[in-house]
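Trainee: I would like to go through side-chain contacts. Please start with ring pairs and then take charged pairs.

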Amino acid sequence: MTVRIVRMANGEDVIADVYEMRESEQSPPIAYKFVKPYTVVIQQQHNLFEEPEYTDEPKTLDHMDIEFTAYVPFSKSPHIFVPPTSVSFIYTPIDQVTDKYNELIANHAEIDVVEERSESVPDGDDDGTGRGTEHSD
């Protein structure tokens with residue numbers, strides 16, 4: 001898995017398993033394939049009364065809030081293709097962000113399995129308590 005954060009041309013940050021799509025090994029990318037993409041918002045925690053510190057030290061999640069949101073929430077497919085013109089740059093996130101993303105993906109896979117099994121759960125139509133049932137008082 002190649003987890004990367006992609007800064008989109010519109011300023012959004014998208015975390016995904018990213019692949020370059022090429023016609024040949026020597027040709028430039030014709031698209032990027034994002035597998036399980038999520039918008040990631042990272043906000044540094046700071047005290048309003050303290051001046052922020054700028055250091056060369058890598059950031060940790062101890063000093064940041066992070067939020068993941070499905071990038072294409074209505075897609076049937078777990079991947080999308082993005083033209084290179086929509087991408088500003090791509091970078092490898094710090095290990096803590098990658099770990100949080102992998103945890104999210106693992107938890108989402110468990111939810112998908114549960115949802116697939118739930119098809120056999122009765123919807124209540126037969127006993128008068130489910131959807132489409134009208135009650136007259």
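Mentor: What follows covers aromatic pairs, then salt bridges. This is a predicted model, in which local features need pLDDT of at least 70, side-chain atom pairs count only at pLDDT 80 or more, and totals for chains, interfaces and linings use all residues. Residues are numbered from 1 along each chain as its sequence is written, and side-chain values use heavy atoms, with hydrogens and water left out.

Trainee: How many aromatic pairs does a search of the whole structure find?

Mentor: A pair of aromatic rings is described by the distance of the centres and the angle of the planes. Rings of Phe, Tyr and Trp (its six-membered ring) pair if their centres lie within 6.5 Å; planes under 30 degrees apart are stacked, over 60 edge-to-face, the rest tilted. The search finds three such pairs. The planes of Y38 and Y101 are at 75° with ring centres 6.3 Å apart, so this pair is edge-to-face.

Trainee: Are Y38 and Y101 buried or exposed?

Mentor: Buried means under 20% relative accessible area, exposed over 50%, partly exposed in between (1.4 Å probe, protein chains only). Y38 is buried at 11%, and Y101 is buried at 1%. F89 and Y91 form a tilted pair, 6.1 Å centre to centre with 35° between the planes. Ring pairs also link Y38, F68 and Y101 into a cluster.

Trainee: Which side chain meets R7 in a salt bridge?

Mentor: Side chains of opposite charge can pair when their charged atoms come close. A salt bridge needs a side-chain nitrogen of Lys or Arg within 4 Å of a carboxyl oxygen of Asp or Glu. The count is two. R7 meets D13 at 2.5 Å, N to O; D13 is buried at 15%. E20 and R22 form a salt bridge with their closest N and O atoms 2.4 Å apart.
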